[in-house]
Amino acid sequence: MMFVTYAKPLVGARRGLAPTGSAAPGVYPLTEVLLRDRLRRQRQCRTARRNIIANLSSEQSRKKHTVVPITTRKHIEEAIRDGTLDQLKLNPYELPKLNSDYLRHPLMEELGNDQIFISDDCIGLIKFHGGYLQDNRDQRVRGELKKYQFMLRLKMPAGECPPSLYTTLDDISETYGNKTLRLTTRSSFQIHGIHKSNLKTVVQSIVRAGGGLYGASGDCSRNVIAPPAPFVDAAYAQARHVARMVAELFAIQSHAFADLWLDGELAASIEYWKKELDMDEVRRLMTEDNGRGQVLQDSVEPLYGKLYLPRKFKVGVTVPGDNSIDIYTHDIGIVVFCDAQGQLEGANILVGGGMGRTHNKEETFARAADPLGYVPAAALYDTLKAILAAQRDHGNRAVRTNARMKYLVHRLGIDRFRELVKSYMVGGGSALESIRSMPPWTFQDYLGWREQGDGRWFFGLYVQNGRIKDELKKALRALTDRFNFPLVCTPQQNLLITQVPATARPDVETLLASFGVETAASALDPLMRDAMACPALPLCPPAITEAERVMPRYVQRVRELLSKVGISPHASFVMRMTGCPNGCTRPYMAELGFVGSGPNCTYQVWLGGSPMQTRLAWPYIDRVTDDQVERVLEPVFVFWKSAREPDESFGDFCDRVGKAQLEAYAQRYWDGVPAAPVS
Ligand code: HEM
Ligand code: SF4
């Protein structure tokens, strides 16, 4: 174990701090000559890696710091060998992973007992299987056992959902769940309210319908997202293809899922996205050992090993200019480029984004991704495996709130992180070039009708906070039963109805309207259209306060306030809310973010994100209670109205004038003193 010191990052500033020991090498069967050659290369890689991560203690000692202990996979392996594991600083999720026999035990035993909950160790394990233990806080009774239930999250690469899977999920939610479905900000579905005794039945139904849960959560690569629009254009098609490829390249290999849920039978029905892939090629890419330590000496999990990753790992793929996926928020962001023939030419790679933080812990922070570089198509998967290996081997397993790859990138700085990644790549990373220039990002929600490029259409249906319930739920079921159109979940918690022939468009609209579903996106308040809130209370365990249930009211209050200060009813900006600082709806990229910081709708308010989600916001006020929202925001809106440049968005304005001027303006505003000129 070692320690690293952290200084709070300035917004947008990244400082390299000392990381930790070198990577553990991987060995796969090779001929003796190749083996000798590979061992030589591994020695070179290890030496290179040691240099890259050399301790920068003199740099640290000049700054004021928070000390964070660091434990890596290598420290754990050494401690196992030396019998000193009990002396190692490990976060509470590491040993259960290590001792689980690749995600099996004691979950298998606990799923079979009569309790309605599972133990703490199993809470971490069941996440790998797509499950979360929850209880309904509205129904807690002092002195009584909590009303335990489970939430299941699906894995749906690129958000694609075949109609038969949708109807299965709809049935499950009615029979076993809380009669709602929840679209997530990672283009997937969640089902809430499933009792433990029904879990196996539900999981089996999802698998029979071709759906997947394995790896939808847990310390592994999560659902890989891509622009939801089903454009047939080559770049979009390649983005979807790469998303599916990465989903499988980084898929969990242990058969624990089949053992736990399917009585050991490997699924009879293949997950639908695999049908689009050459699975032999995926397996070859996964196990292909370049001799630089990417692939582990582990016959079950060649990329993850027994310990899996230190933390969740998120990948998003897009095309130049389309920021529907919030490209800066992922561990890896991939931007695909195609050649004139529509073939994948290469990709820009961004690394080290991530939202989650903890209030009052300066060593935790939201972070926007940095550019790693451009790789030609032939080196893409080698590069992605190298990034995964860097985080697997060097990510921090001592402190869970410091375990995401963004902290490794921050600690090393992007240049040394790049060198670390290159040390895992074929040829020492010679394929990695400077990032290619790209057009400016635009944020797309894809609501309304659009042509796909093949004569068919898709319809983007607005779903408030992603909650499908009541008449909307009935409408979608009727629509799917009648037309069987494939659906796509969007990263903005909306749903696309795809592959619609032009002639069927009126029928789709008529059917939705017959259930009272609004189909004209223009009828929506644009503030509401762009807003997102996480589920929070009553089910989400980390929730400090409300989000989804109060967001519509907050949007309305903000609209009323804007109109009170004379701002156009068409004015809009991106508003996002979460019930805690984990940041599941990416509030730190919003122009106005509400992050739960206390009970009864107390929020930390964030300002300054960009309309296209290209810049981190910053905290304006730490605790705003429900009754203070108007008092806090009114001067900010008046200042925006009076001092904005032509067409300057709310987020751009706040970022330009900065926190100090906003505070000073608010002070003068309420004191009745004329405003000072903007500096
Ligand atoms: C850092 C600690 C985090 C923890 C402990 C955590 C935990 C949870 C839990 C328990 C839920 C389930 C809520 C429910 O449906 O009842 C949830 C939802 C979700 N989380 Fe997180 N989360 C964390 C961070 C993040 C981050 C940083 C992101 C991505 C930006 C994220 C993405 C999601 C998504 C997409 C959902 C589904 C709900 C939605 O779309 O609003 N999580 N999280
Ligand atoms: S942000 Fe917090 S409250 Fe909201 S879903 Fe994520 S963990 Fe739960």
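Phe639, Phe653, Tyr665, Tyr669 and Trp670 are joined into a cluster by ring pairs. The model is predicted, so that local features need pLDDT of at least 70 and side-chain atom pairs count only at pLDDT 80 or more, while totals for chains, interfaces and linings use all residues. Residues are numbered from 1 along each chain as its sequence is written, and side-chain values use heavy atoms, with hydrogens and water left out.

Rings of Phe, Tyr and Trp (its six-membered ring) are taken as a pair if their centres lie within 6.5 Å; planes under 30 degrees apart are stacked, over 60 edge-to-face, and the rest tilted. By this rule there are 29 aromatic pairs. One of them, Phe231 with Phe458, is edge-to-face, with 5.6 Å from centre to centre and 70 degrees between the planes. This pair links distant parts of the chain, 227 residues apart: Phe231 is in the loop between helix H8 (199-208) and helix H9 (234-249), and Phe458 is in strand E13 (residues 456-461). Helices (H or I, at least four residues) and strands (E, at least two) are DSSP runs numbered from the N terminus. Phe231 and Phe458 are both buried, where buried means under 20% relative accessible area, exposed over 50%, and partly exposed in between (1.4 Å probe, protein chains only).

Tyr665 and Tyr669 form a stacked pair, because their ring centres are 6.3 Å apart and their planes are at 25 degrees. The two residues are 4 residues apart in helix H20 (residues 650-671), and therefore separated by about one helical turn. Tyr665 counts as buried at 11% relative accessibility, whereas Tyr669, with a relative accessible area of 27%, is partly exposed.

Charged side chains also lie over rings; the criterion is NZ of Lys or CZ of Arg within 6 Å of the ring centre and within 35 degrees of the ring normal. Arg631 lies over the face of Trp670 at 4.4 Å from the ring centre, and Arg400 over that of Tyr93 at 3.7 Å.

In helix H16 (residues 505-514), the residues Val508, Leu511 and Leu512 are buried. Viewed down the axis of H16, the buried residues fall within an arc of 95 degrees (taken from the directions from the helix axis to the C-beta atoms), so they line one face of the helix. Thr510 and Ser514, on the other side of H16, are exposed. The buried residues of H16 are covered by elements including strand E12 (448-451), E13, helix H15 (470-483) and strand E16 (495-501). Just after H16, Gly516 has a positive phi of about 80 degrees.

Terms used: Chains are lettered from A and ligands numbered from 1 in the order in which they are written. Contact means heavy atoms within 4.5 Å.
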